[in-house]
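Biologist: Could you put the structure up, so that we can go through it together?

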Amino acid sequence: MPGTRKLGKPTDQRRAMMRQQVTDFLDKGRMETTITRAKEIRPIAEKMITLGKKNTLASRRDALAFITREDVVTKIFAELAPRFAARQGGYCRIVRIGPRRGDAAEMAVIELVEEEIRTAPAKAKPAPTRAKPAAKKAAAAPEVEETPVSLEETDAETVEAEVAEVEAAVEEVEAEETEA
């Protein structure tokens with residue numbers, strides 16, 4: 001639950017610090033601070049962006065009541081709210097960066113999420129499907145040119161040779177299927 005951490009400060013100092021940090025964060029879009037402070041800043045900053053998305057006089061006044069600079073409120077309503085118009089929350093990201101050198105406090109970077117422009121994914125090759133064996137044989141059989149020939153012109157030897165070629169082609173296709 002936001003606002004439950006005391007951060008080692010009295011209430012008035014803690015509120016002033018949070019107001020200033022949220023203002024600076026929304027102005028710059030990125031901030032390096034301790035993890036606990038970042039966890040306190042995130043829900044407040046996201047609420048301010050949500051107020052910007054409402055874009056009413058009351059929401060602008062609510063934002064001005066917390067944010068310390070009017071130009072930052074203008075930025076929220078003019079730039080940030082339209083940028084996150086299609087997004088339903090989750091405008092901020094916290095990334096841990098390790099301990100601070102002086103006192104070993106865990107540090108983090110809190111930043112505004114860049115809205116990704118989603119494009120249609122490239123068409124992938126369709127997954128190979130198992131065709132029926134008869135369909136494979138028909139598809140894999142070599143095409144034979146058909147020439148209109150009368151029965152009187154053909155002799156038995158040429159017909160037998162053509163039949164043998166087709167049977168050999170079918171046997172090759174069957175052999176390939178068994179190997180695969």
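This is a predicted model: local features need pLDDT of at least 70, side-chain atom pairs count only at pLDDT 80 or more; totals for chains, interfaces and linings use all residues.

Biologist: Ok, how many residues does α1 have, and what span does it reach?

Modeller: Helix α1 covers residues 11-28, which is 18 residues, and reaches 26 Å from its first C-alpha to its last, close to the 26 Å expected at 1.5 Å a residue. That expected span is 1.5 Å times one less than the number of residues, and helices (H or I, at least four residues) and strands (E, at least two) are DSSP runs numbered from the N terminus. Glycine 29 follows α1 and has a positive phi, near 85 degrees.

Biologist: Which residues of α1 are buried?

Modeller: Arg14, Met17, Met18, Gln21, Val22, Thr23, Phe25 and Leu26 are buried in α1, where buried means under 20% relative accessible area, exposed over 50% and partly exposed in between, with a 1.4 Å probe and protein chains only. Their cover includes α2 (35-54), α3 (57-66), α4 (70-83) and the strands β1 (30-34), β2 (92-99) and β3 (106-112).

Biologist: And the largest nonpolar core, which residues have the most contacts inside it?

Modeller: Phe25, Leu26, Met48 and Ile76 have the most contacts inside this core of 24 residues, a nonpolar core being a set of buried Ala, Val, Leu, Ile, Met, Phe, Trp, Tyr and Cys residues joined through side-chain atoms within 4.5 Å. At least two core residues come from each of α1, α2, α4 and β3, and α2 gives the most, with six. Leaving aside neighbours within four places in sequence, leucine 26 is in contact (heavy atoms within 4.5 Å) with Ala45, Met48, Ile49, Ile67, Val72, Lys75, Ile76 and Leu80.

Biologist: How do α2 and α4 cross?

Modeller: The axes of α2 and α4, which are lines fitted to C-alpha atoms over the stretch in contact, with angles from 0 to 180 degrees between N-to-C directions, come within 8 Å and cross at roughly 95 degrees. The two helices are therefore roughly perpendicular to each other, a label for angles of 65 to 115 degrees. Met48, Ile49, Leu51, Gly52 and Lys53 of α2 meet Ile76, Phe77 and Ala81 of α4.

Biologist: Switching topic, how many salt bridges does the structure hold?

Modeller: There are eight salt bridges, each a side-chain nitrogen of Lys or Arg within 4 Å of a carboxyl oxygen of Asp or Glu.

Biologist: Which side chains meet glutamate 111 in a salt bridge?

Modeller: One is arginine 30, at 3.4 Å from N to O, and this pair links distant parts of the chain, with arginine 30 in β1 and glutamate 111 in β3, 81 residues apart. Another is arginine 93, at 3.0 Å, and since arginine 93 lies in β2, that pair ties together parts 18 residues apart in sequence.

Biologist: Is glutamate 111 buried or exposed?

Modeller: Glutamate 111 counts as buried, at 17% relative accessibility, whereas arginine 93 is partly exposed at 37%.

Technical notes:
Residues are numbered from 1 along each chain as its sequence is written. Side-chain values use heavy atoms; hydrogens and water are left out. Angles under 35 degrees count as roughly parallel, over 145 as roughly antiparallel, 65 to 115 as roughly perpendicular and the rest as oblique.
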